[in-house]
Amino acid sequence: MKRCIFLLFILLSVAIGNVYADETGKNVLNFRKINKEHKTYFCAVGISANSLGDVAIGFSDDYINVYDKHGNFKYSFAFKVDGSYLFEFDNQNNIIIFTARDGMRYYFSADAKLIRTEKISDPVERERYYENHSNKRNLDVDGISYSMRQAFGYMKFIKTDADGNELVIYETGSQYIFKILIALIILALVALVICGLIKTISTEMKKYMET
């Protein structure tokens with residue numbers, strides 16, 4: 001009987017291990033390559049560059065645009081992350097997605113093929129990795145400077161050459177107007193609610209004073 005229980009425990013352990021291995025080997029982020037430049041009113045999370053001279057900008061709505069060294073659009077990556085993420089290119093020009101919630105690092109090729117995954121289990125190491133890799137807003141690549149400038153939700157991704165000439169690679173554009181309209185609508189609704197509450201309180205206080 002004890003031998004049967006022991007064998008059952010071993011089989012369950014192997015099965016659970018296989019399930020975990022299968023999950024870590026799957027493209028759970030639905031990471032994919034698309035040939036359309038992503039335009040959004042969401043904020044950028046950072047920029048990165050590979051050894052080929054390509055530069056990339058990631059957005060908080062889970063898209064990454066990649067441009068060549070001349071600032072021309074090449075391709076985008078689309079994916080789905082629960083919570084916040086960081087990204088960067090490694091020494092082999094693979095792109096790494098780090099999911100802050102579970103401490104996973106996903107390595108993808110330029111063709112969006114999953115190469116491997118790594119989990120940072122130690123909370124201290126995870127926090128250190130996040131601090132060292134988050135919010136890269138400036139890069140220098142072979143004498144060329146790249147910067148991400150954001151103010152009040154409006155964003156520009158700019159390339160500056162050695163002579164100080166600037167080229168806007170990406171700009172928020174019309175999406176910013178849509179974002180502002182949404183913000184104004186929300187503010188108007190909040191103002192209406194506040195005005196309604198003030199009026200209601202004033203009416204009730206007036207009734208109370210009259211009694």
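Strand E2 contributes the most to the lining of the largest cavity, with three residues; strands (E, at least two residues) are DSSP runs numbered from the N terminus. The model is predicted: local features need pLDDT of at least 70 and side-chain atom pairs count only at pLDDT 80 or more, whereas totals for chains, interfaces and linings use all residues. Residues are numbered from 1 along each chain as its sequence is written, and side-chain values use heavy atoms, with hydrogens and water left out.

**Cavity**
- The structure holds one cavity of 30 Å³ or more, a cavity being a set of points, on a 1 Å grid over the protein atoms alone, where a 1.4 Å probe fits but cannot get out.
- The volume of the largest cavity is about 50 Å³, taken as the space filled by probe spheres set on the points.
- Its lining (residues with an atom within 4 Å of a point) consists of Val45, Gly46, Ile47, Leu86, Phe87, His133, Asn135 and Lys136.
- Strand E2 (44–49) and strand E6 (85–89) are the elements that give two or more residues to this lining.
- By class, the lining residues are four nonpolar, three polar and one charged, with Gly counted as polar and Lys as charged.

**Ser76**
- Ser76 belongs to strand E5 (residues 73–78).
- Ser76 has a relative accessible area of 0% and is therefore buried (under 20%, with a 1.4 Å probe and protein chains only).
- The Ser76 side chain reaches the backbone oxygen of Lys36 at 3.2 Å.
- Beyond its neighbours within four places in sequence, Ser76 is in contact (heavy atoms within 4.5 Å) with Arg32, Lys33, Ile34, Lys36, Glu37, His38, Ile64 and Asn65.

Note on methods: Helices (H or I, at least four residues) and strands (E, at least two) are DSSP runs, numbered from the N terminus. Buried means under 20% relative accessible area, exposed over 50%, partly exposed in between (1.4 Å probe, protein chains only). A polar contact is a pair of N or O atoms within 3.5 Å; within protein, one must be able to donate a hydrogen and the other to accept it, and residues adjacent in sequence count only if both atoms are side-chain atoms. On a 1 Å grid over the protein atoms alone, a cavity is a set of points where a 1.4 Å probe fits but cannot get out, and a pocket is an open set with protein on both sides within 12 Å along at least five of seven lines; lining residues have an atom within 4 Å of a point.
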